[in-house]
Amino acid sequence: TILAARQQPTEHRPATLQIMFARRLRTVFVLCTSFLFPSPPLSVAALPRARRPLAPPLSRTTRRPSSFLAAPAPPSFRRRRARTTTTAASASALPPLVEPDGTPLSPEAAAARLAGSRVALYFAAGWCPMCTSFEPSLLRFREAAAQSGKPVELVYVGSDRDEEERIRRTAAMDAICVAPEAAAEVKRRYKIWAGAECFTFGMGRRSGVPALVVLDAAGDELEFLAAEAQGVRSLQSWPIDDERGIWGR
């Protein structure tokens, strides 16, 4: 190409050199973009979902459905105790939790707070403009769910720059929080962290902040809400009527 440019008349050389420079500049831009942004966040449809039966198997002895499919009956002391034990076991599967003021939350106290609620991990940061603009809609969604008899509980997984900011935000949202020493493990497990944390956790994330992971009653992932990519529309994917997401049933 350079030899051909030299063989052209003098009046055509500047245009040829400009085309070559533009092509080189485009190649450098594509390489830089591929390095800084290796892959877009995964969509909700692309994420694997655990397949669980919607109802427990029939009893082999009586061939009748289990208790929750039968006609509702007043809960006995034994059923209440079993429900509390199940919720406590699910809460123990969560990472260490703390109150908004930093007080450690025991598994029993966490079970009492989460019983009967739909639980989601909320990944966010106070310095993130997308997070602060998304949170008013998130809190209105939580209030509307509570008014419809389907309470929602948020567990904050923060990427805040200091402890005071995390305490202020969790107190404003009335949300319990993953203990700061356990937050890194939770982010690696679900592959969600802020862009500013890529130097710590790497580039292999599925989403930045804000994002939510809805948990089932066993503490496993039930649904991923890509709030960073979809904003308020991601809340429409919350399986609010799925009984697998009700803790303590």
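Here is a walk through this structure, from its core out to its charged pairs.

A quick word on ground rules: this is a predicted model, where local features need pLDDT of at least 70, side-chain atom pairs count only at pLDDT 80 or more, and totals for chains, interfaces and linings use all residues. Residues are numbered from 1 along each chain as its sequence is written, and side-chain values use heavy atoms, with hydrogens and water left out.

Let's start inside. The largest nonpolar core holds 50 residues, and Leu121, Tyr122, Phe123, Leu212 and Trp238 have the most contacts inside it. A nonpolar core here is a set of buried Ala, Val, Leu, Ile, Met, Phe, Trp, Tyr and Cys residues joined through side-chain atoms within 4.5 Å. Buried means under 20% relative accessible area, exposed means over 50%, and partly exposed is in between (1.4 Å probe, protein chains only). Strand β3 (residues 118–124) gives the largest share of this core, 6 residues. As for the labels, helices (H or I, at least four residues) and strands (E, at least two) are DSSP runs, numbered from the N terminus.

Now pick out Leu121. Leaving aside residues up to four places away in sequence, Leu121 touches Val155, Val157, Val186, Tyr190, Ala211, Leu212, Val213 and Leu215; a contact means heavy atoms within 4.5 Å.

Several of those names lead us to strand β6. How many of the residues of strand β6 (residues 211–215) are buried? It is 5 of the 5, so the strand is largely enclosed by the rest of the structure. Ala211, Val213 and Leu215 point one way from β6, while Leu212 and Val214 point the other way, and all are buried.

What sits beside β6? Strands β3 and β6 run antiparallel and are joined by 4 bridges, and the bridge partner of Leu121 in β6 is Val213. (Two strands pair if DSSP finds at least two bridges between them.) Another 4 bridges join β6 to strand β7 (residues 221–225), again antiparallel, with Leu215 standing opposite Glu221 in β7. The hairpin of β6 and β7 has 5 residues between the strands, and there Gly219 takes a positive phi near 90°.

Two other spots are worth a stop. Ser137 lies in helix α5 (residues 129–147) and is buried at 15% relative accessibility. Not counting residues up to four places away in sequence, Ser137 touches Val232 and Leu235. Gly248, in the segment after α9 (227–230), is buried too, with a relative accessible area of 6%. Gly248 and Ser117 are 131 residues apart in sequence, but 8.1 Å apart in space, C-alpha to C-alpha.

Finally, the charges. Side chains of opposite charge can pair when their charged atoms come close. A salt bridge is a side-chain nitrogen of Lys or Arg within 4 Å of a carboxyl oxygen of Asp or Glu, and the count comes to 11. In one of them, Arg113 meets Glu99 (3.7 Å, N to O). Arg113 lies in helix α4 (residues 107–114) and Glu99 in the loop between β1 (97–98) and β2 (104–105), so the pair ties together parts that are 14 residues apart in sequence.

Glu163 and Arg166 form another salt bridge (2.3 Å, N to O). They are 3 residues apart in helix α6 (residues 163–173), which means about one helical turn separates them. Glu163 is partly exposed at 34%, whereas Arg166 is buried at 5%. Arg244 and Asp242 also meet in a salt bridge (2.7 Å, N to O). Salt bridges that share partners join Glu99, Arg113, Glu153 and Asp174 into one network.
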